2 protein chains.
Amino acid sequence: MYRDLHQHLALLEEKGLLLRVKQPIQKETEIHTLVRWQYRGGIPEAQRKAWLFEDVFDAQGRHYKIPVTVGALAGSPQIYALGLDTDVDGIEKVWQTAFRNPIAPVIVEQGRVQEEVHLGDDVKRLGFEEFPTPISTPGFDNAPYTTCTHWFTKDPETGIRNVGNYRGHIKARDRIGVYPMMGQHIIIHWDKAKAKGQPLQAALVVGAPPVVSYAAVQKVPFGVDELAIAGGLARQPIPLVKCKTVDIEVPADAEIVFEGLISTEWLEPEGPFGESHGYMHPRQYNPFMDVTAVTHRKDAIWVSWISQVTPSESSVIKKSGYETMFYEHLRYTCSIKSVKRVVMHEPLTNLRKFIVIQMSKPGETDVWRALHQAATFHQGVGKIVVAVDEDIDPTNTDAVLWAMCYRMKPHLDVHIISGMEKGHGPPFKFNEEGTEDVISFYNPANDSAMLINAIQKEPLPPISLPKREYMEHAKEIWEELGLPPIKEEPPWYGYSLGQWSEELDEEAKLAVEGRHFETGEKLKARRRRA
Amino acid sequence: MYRDLHQHLALLEEKGLLLRVKQPIQKETEIHTLVRWQYRGGIPEAQRKAWLFEDVFDAQGRHYKIPVTVGALAGSPQIYALGLDTDVDGIEKVWQTAFRNPIAPVIVEQGRVQEEVHLGDDVKRLGFEEFPTPISTPGFDNAPYTTCTHWFTKDPETGIRNVGNYRGHIKARDRIGVYPMMGQHIIIHWDKAKAKGQPLQAALVVGAPPVVSYAAVQKVPFGVDELAIAGGLARQPIPLVKCKTVDIEVPADAEIVFEGLISTEWLEPEGPFGESHGYMHPRQYNPFMDVTAVTHRKDAIWVSWISQVTPSESSVIKKSGYETMFYEHLRYTCSIKSVKRVVMHEPLTNLRKFIVIQMSKPGETDVWRALHQAATFHQGVGKIVVAVDEDIDPTNTDAVLWAMCYRMKPHLDVHIISGMEKGHGPPFKFNEEGTEDVISFYNPANDSAMLINAIQKEPLPPISLPKREYMEHAKEIWEELGLPPIKEEPPWYGYSLGQWSEELDEEAKLAVEGRHFETGEKLKARRRRA
């Protein structure tokens, strides 16, 4: 089901997931701080909302015609699932379908995103100033940055489209810096344009239809059109229109587009900006774009998201796709049949660093293959990787630690692998002038990964919880007593892990029947001298 | 403030922390399963209650005169704090005071615990059958076990008292097995009695005044009287009465006492029993006691607690004292001044296995001293030990993992130490007959510990959250909007970790004032050729 952002917001409101703020809110210091409390203020996930700020003003007292939404795309898993026209449990299936059945976009003649077109002096005079871009990390960020901004480019040789989501550092009404992390595909286009002695044509899209945003943040193989994946998510082609000043097509129903040329001749300092790894990302020399046109809907809405300390909107939006990709790689590309699930740990650790692989009775070599693959599949991803059994809930960090504490001997089951890079995040090392991070560009192999085999290796006694039938019976009494609703947390009943016998089972049965003195007599007969 | 169990339950009820269950409840399969849902059913800590089952019946249809309470001593930190006559924040201080100012008990002539006295044939005919002992882990346990049972013994040479809490396996109306874990002080008494060719006199106390229970579960140095610590907790001496058939004194206001002789000539199979490490603890040859007298109050209440998969009552009751002891050891005995706090991780991991040490700007050797000390201070405690900085909340596992992911390089900062034992928990290895765990008795050094230095080692950029003043201001708006109450989760604002400059600070200030184009111009002047 294809929806533009306006339709998506209407649906969120209908489901009680949109919070409208009518009172005047300042874009520099109030928007992101307010929404951030939703993630650092102990608010349960189910209570998290998408926010729509209807009356935004700035530090200089100017009120904007255009409202700002934050959290609308993935403020919670529920919001994200709604954008995919499914529920939380259905997310994985929608992604699998999209990856396996992409639908190419279609070019249309007209699009609402071009209801208003600003060119030439208009851009220089107004440009970004028309839009109420909030500051993400007030007190540390050195400008408003675009966050939910999809950069559309084309391969200068093949013409194949790329869509990636990178922050944009607003430097002038008509100039914006771009931070393309190492390994992003836009860099390949930029290199090819530079080799031809040309700038790279680009369009920066704000407020795309949600499925486009969901596809834009995924890591898909180079050469795969993110818009076809978005079509796969929507189960229909995404309509595109041609830009006014560059040879790029953009979603016809997007809110706002900035067209322009990314210099391949010059770089400019960009940053610092508060990043998803939980630290301020330092300033680096990065490309920038001179804006050649601004187009937007008459009723345009500005979209921002929170991508700093996780959990956040940016982690929710990436998590499902990331986990599915790792799972498909381990299970199918590498054919490790015992792999059941991959979970990228999130609060604070930013999905990339701590990975849990759930496996079903794996052979020991399969465990190590899976651990090594996960630690080296993506650059800078998988610093700590843990393999756990099927009875360990990989989303429950306490359960993962429990497995590490009782099913792992560090001297045998922990391998430390050197030759790794630090990936996206600190520590950073500045150049002599203290202006620029140098490590990130050279990527020295001065970090390491820790692979942890926390799989059960020998029979263990049953989990010390009552048998399932007794727990289920007690749940009925619990409900009769009118107590607060139960949400089962595994493990919530006992089960055997191999070290149990018929005799012990019989004794347990006698005990429940009140016949434990019979067992006591039997044990008395087995006395030994001390 | 000294209170007996009846007074404590009245106080819990007054504070809304007691749940009375009037409907008939079966002791074998319903009591512990019901309370267990409180810990495995997603019930928030603040909603956990002490339970009082007023009408208990057994598998054979017999109803008991005596009610059963579970969770009354430490069903939640709030309940535990009330038993110490303080609030949750005051727990640590009460313990420090008690350790530093113990108050010796006083012997009195009469005690309510002896309102009813059963001797000789009375014991053989009724004994344990008078009391509705629940089954802790129905389906696996082979009998009802006493759980909140304090074993009182005296050193056969010095007469110095010991009180320890060990499970009791009810085998006959007048016989109970005891499981004294390796390293418990009762073993020293037992060895001395055996050397003298005598049985060990003992009294098993159920339903002691809460401060006695709190002291009984602590690990205090050998020779320190737990009852003097209990007196320190109550700020007054604990009244004791002499037993009827053994040379032992017990709390005058306890609910129930079983007096008896622990054989030093014979051992008997004891267990299996579901233990706090999360697994069924296997059967072992252990001592047992022949009961010589039963005494109890006329209005006696049976006390049971949940000590299986943590979090549970038994982990709440141990946690504060355990952490204080490790802290005092590291900070004072070892004089590691940078140690700020020690946290024993709990859900599932049972306090013993995963320890977090919070330190303030420690030297690197202090970090390693603290890690080694924590891993080897107590037998089988400290398999994974992590040192974190002062800005990391050691009670928040996600924050600890975050520190491990960004402030630790495994090949430099992880040391694996061999020569360790597995401690309390699996894996177990049975003897040839499959009846008995043999590893636990020989304690081979076939496990290891992992020490992790996750302390910040070089300057890092600020945490990517808005400055404190902006978050605080946003909290006011949040409250104006009438949104759900905020509970701050650290980190909830950004702060510098050394890698920040005056220039960047100035830029951030300009940005908040809406003057970021000035910074844009400055950066333009620093362009470099790509």
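Mentor: Happy to. Let us start with a working rule: two strands count as paired if DSSP finds at least two bridges between them. With that in hand, look at β23(A) and β24(A), which pair in the antiparallel sense over five bridges. Keep in mind as we go that this is a predicted model.

Now step back to the whole sheet. It is open and has five strands, in the order β23-β24-β25-β27-β26 of chain A, with mixed pairing. Its edges are β23 (339–344) and β26 (414–420) of chain A, each of which pairs on one side only. From one strand to the next, the twist averages 20°. Helix α11 (residues 397–406) of chain A packs on this sheet, where it touches β24, β25 and β27 (447–453) of chain A. The direction of α11 makes about 80° with that of β25(A).

Let us return to β24(A) and ask which way its side chains face. In a regular strand the side chains alternate between the two faces of the sheet. In β24(A), A:F354, A:V356 and A:Q358 point one way, while A:I355, A:I357 and A:M359 point the other way. Are these residues buried or exposed? All are buried. The cut-off for calling a residue buried is 20 or more other C-beta atoms within 10 Å of its own. Six of the six residues of β24(A) are buried, so this strand is largely enclosed by the rest of the structure. For the setting, buried residues make up 59% of the 530 residues in chain A, and the chain as a whole comes to 16 helices and 28 strands.

The contact takes 124 residues from chain A and 124 residues from chain B. On the chain A side, α11(A) gives the most, with eight residues. That side divides into 62 nonpolar, 32 polar and 30 charged residues. As for symmetry, chain A can be laid on chain B with an RMSD of 0.0 Å by a turn of 180° and a shift of 0.0 Å along the axis. That is the relation of a two-fold axis. Of the residues of chain A, A:T397 comes closest to the rotation axis, at 3.8 Å (C-alpha). Of the interface residues of chain A, 100% are also interface residues in chain B, so the copies meet through the same surface.

The axes of helix α14 (residues 468–480) of chain A and helix α2 (residues 31–40) of chain B come within 8 Å and cross at roughly 80°. That makes α14(A) roughly perpendicular to α2(B). Among the residues that meet there are A:W478 from α14(A) and B:W37 from α2(B). Elsewhere, two bridges join strand β17 (residues 266–270) of chain A to strand β28 (residues 528–529) of chain B, and the two run antiparallel. In that pair, A:W266 stands opposite B:R529 in β28(B).

Terms used. Residues numbered from 1 in each chain as written. Chains lettered and ligands numbered in written order. Predicted model: local features only at pLDDT ≥ 70, side-chain atom pairs only at ≥ 80, totals over all residues. Helix = DSSP H or I, 4+ residues; strand = E, 2+ residues; numbered from the N terminus. Axes fitted to C-alpha atoms, helices over the stretch in contact; angles between N-to-C directions. Contact = placed C-beta atoms within 7 Å. Buried ≥ 20, exposed ≤ 12 C-beta atoms within 10 Å, placed from the backbone. Least-squares fit on C-alpha atoms with pLDDT ≥ 70 in both. Parallel < 35°, antiparallel > 145°, perpendicular 65-115°, else oblique. Nonpolar A, V, L, I, M, F, W, Y, C, P; charged D, E, K, R; others polar.
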